[in-house]
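Q: Hi! Could you walk me through this fold?
A: Happy to, here it is.

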Amino acid sequence: MSTEPRKLLAVFAHPDDESFICGGTLAKYADSGVEITLVSATRGEMGRRMGNPPYLNRETMAAAREQELREACECLGVKHLHFFDIRDKTVEFADPDQLANRIAGFIREINPDAILTFHEKWGGHPDHCAIGKATIEALARTGLAIALYFISFGDSLAYPEAYGYTQEEIARIDVSRYKKAKLAAFRAHRCQTEIDEWVWLPDRQAMSRFGDHEYFIKGNKEALKLGKADLF
Ligand SMILES: [Zn+2]
């Protein structure tokens, strides 16, 4: 038996996507020994929230958000972090061929057991949809048989039939034991969360905002072959 750890590659658009959307799942797998690499296409320097009261500007925001993401990765146990240095809010205008090639390079180098990204239609933000689309293309270019999943917001996929999916097409990850790590990661993204009073309530009250599960759409046949409560 190989003793090499399982590997997960997450390809997202902004600092905070990883924590706000699937922080519990990342913390859970990191805790079980999975080696996680996160790629953030941008540094989130066009974020509307500039601190509360505002203390950042467009010049200082990229460095502040990069640092916050590094802290969030520590909270979640994400070991490797890379940026594509694409300007925030312009991922959809990046050259799609180049972007797919860069992502494909990471996929080949890491050879992960699973990949997480955004759904190209339901990403909820043009940057999210663009990075999702590029990641799908990148995986296809590698020709590798790696399970692909699309992240989803909150409990929206608790009843996937409402969105045209069957239960078999969804992975439902129990993150109930990882709310503390998720909350710590939310707090690490301070300039984005300090305006949200609930984040700063006593831990137990703040964590009550988090659901017990995070949901992922299975994005290819490799993912569909796997179970409903695990990404591997
Ligand atoms: Zn985002």
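Q: Which residue is the bridge partner of A10 in strand 4?
A: The partner of A10 there is L116. Keep in mind that this is a predicted model, where local features need pLDDT of at least 70, side-chain atom pairs count only at pLDDT 80 or more, and totals for chains, interfaces and linings use all residues. Residues are numbered from 1 along each chain as its sequence is written.

Q: How many bridges join strand 1 to strand 4?
A: Three, between residues 7–12 and residues 114–117, and the two strands run parallel. Strands here are DSSP runs of E, at least two residues, and helices are runs of H or I, at least four, numbered from the N terminus. Two strands pair if DSSP finds at least two bridges between them.

Q: What's the strand order in the sheet?
A: The order is 3-2-1-4-5-7-6, in an open sheet of seven strands with mixed pairing. Strand 3 (80–83) and strand 6 (170–174) are the edges, each pairing on one side only.

Q: New topic: at what angle do helix 2 and helix 5 pack?
A: About 170°, with the axes of helix 2 (residues 61–76) and helix 5 (residues 179–188) 8 Å apart. Axes are lines fitted to C-alpha atoms, for helices over the stretch in contact, and angles run from 0 to 180 degrees between N-to-C directions. That makes helix 2 roughly antiparallel to helix 5 (over 145 degrees).

Q: Which residues make the contact?
A: E68, E71, A72, C75 and L76 of helix 2 meet A181, A184, A185 and A188 of helix 5. Contact means C-beta atoms, placed from the backbone, within 7 Å.

Technical notes: Parallel < 35°, antiparallel > 145°, perpendicular 65-115°, else oblique. Contact = placed C-beta atoms within 7 Å.
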